[in-house]
Amino acid sequence: MDLSLLASLFPYSVWECWWLAPLALLLDLRLGDPRLPWPHPVCLVGRLLARLEGPARRRMTSGDPSGEKRRGRLAGLACLLLLAGVTGLAAWLLVSLPLLGLLPAVYLAWAGLAMGSLLETGGEVLREVETRPEAQARKALSRLVSRDTSRMDRPLLRKTLADTLSENFTDALLAPFFWLLLGGPVGLWMYKAVSTTDSMWGYLTERWRWLGWAGARADDCLAFIPARLSVAALRLTDMLVRRLRPAARVWDGRWPGFRTVARQAAGMPSPNSGWSMTACAWLCRARMAGPSVYFGTLVDKPWLGPPKDRAAPWDRARLLALCALMRYSAVCGGLALWLVCLAFRLLR
């Protein structure tokens, strides 16, 4: 395909607009989600997907019950394609506005990254976990995670918070930033449509097993490279901070090697979630994952990180160290990925 055609389909990518991605990263880390009078774009994507559920479910349940699996997967795939297409078209129309397209391009790039809001929300939940009664702490954490928190004690609440923060390093930053670089706001929001479908429908429950299949598989594919880049970002950050600002290295773990991270991450049910979790677990010298309850079902996940006899428990200081590691890694990893893309652009 002609590069000029690609540029017209995906304007403001790093190939033609070098400054948009780092600006969006800076805005996200400094300000979090845009707080403006209209709904956040991801809320609009979610509302459209919710409206598609009824027709998709009717299509899935019509006819012979033996064909429900096939019809459900096809209906879910159709919804995914429609959602991604509408979302991408809307983004393209906004950023292609004559004279005014730059403003929605900056807004959509900024709104598509979520590391700032993830760390802000994580800090709020941590305060609830440390200062509130366990019942209120469980309720606060339940707003952030999909697993059952009703019987968690305080140590398990802390570990679960660490799990979800580290797992979302890919979903909140590396994957959307990767697609922002390659495809501009249009590519970013098409990815966000897929990610939203996975977040809302991608569960192995009776209700979503077939309708959510396409969204879950598509998200696995689109996040495959970013998930592995997240490990490189965390390793790069650890090396740079250790050498340039050793006092800022508040995490006290040791790097185990890429082979160890890959081996442990491969044991997770998801092909992508274990990579950033494993790296963060080792660098923070504490364990993550393990058996967890989702929607009343026990999922036997492997333990990630150092062995039990060498791991420290999750406490407030260690969770704050994890947040610092993720913030530094967002800057170092994001800028490193941006510089690599700029180098390819110069060599093109």
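In helix H11 (residues 258-265), the buried residues include Thr260, Val261, Gln264 and Ala265. These residues span an arc of only 125° around the axis, so they lie on the same side of H11. The model is a predicted one. The face of H11 turned away from the buried side carries Arg259 and Arg263, which are exposed.

The axes of H12 and H13 come within 10 Å and cross at roughly 125°. Angles over 145 degrees count as roughly antiparallel, and those from 65 to 115 as roughly perpendicular. H12 and H13 are therefore oblique to each other. The crossing of H12 past H13 is right-handed. On the H12 side, the contact is made by Cys280, Leu283 and Cys284. On the H13 side, Arg318, Leu322 and Leu325 take part. By class, five residues of this contact of H12 with H13 are nonpolar, none is polar and one is charged.

H8 passes H9 in a left-handed crossing. H8 contributes Trp179, Tyr191, Val194, Ser195, Thr197 and Asp198 to the contact. H9 contributes Gly215, Ala216, Ala218, Asp219 and Leu222. The residues of the contact of H8 with H9 comprise six nonpolar, three polar and two charged.

Two loop residues have backbone angles of note. Most residues other than glycine have a negative phi. Tyrosine 12 has a positive phi, near 70°. The residue sits in the loop between helix H1 (3-9) and helix H2 (20-31). Arginine 285 also has a positive phi, near 55°. Its loop runs between H12 and strand E1 (288-289). Arginine 285 counts as partly exposed because its relative accessibility is 30%.

Methods
Residues numbered from 1 in each chain as written. Predicted model: local features only at pLDDT ≥ 70, side-chain atom pairs only at ≥ 80, totals over all residues. Heavy atoms only, no water. Left-handed = near helix turned anticlockwise from the far one by under 90°. Helix = DSSP H or I, 4+ residues; strand = E, 2+ residues; numbered from the N terminus. Contact = heavy atoms within 4.5 Å. Nonpolar A, V, L, I, M, F, W, Y, C, P; charged D, E, K, R; others polar. Buried < 20%, exposed > 50% of the residue type's maximum accessible area, 1.4 Å probe, protein only. Arc of directions from axis to C-beta. Axes fitted to C-alpha atoms, helices over the stretch in contact; angles between N-to-C directions. Parallel < 35°, antiparallel > 145°, perpendicular 65-115°, else oblique.
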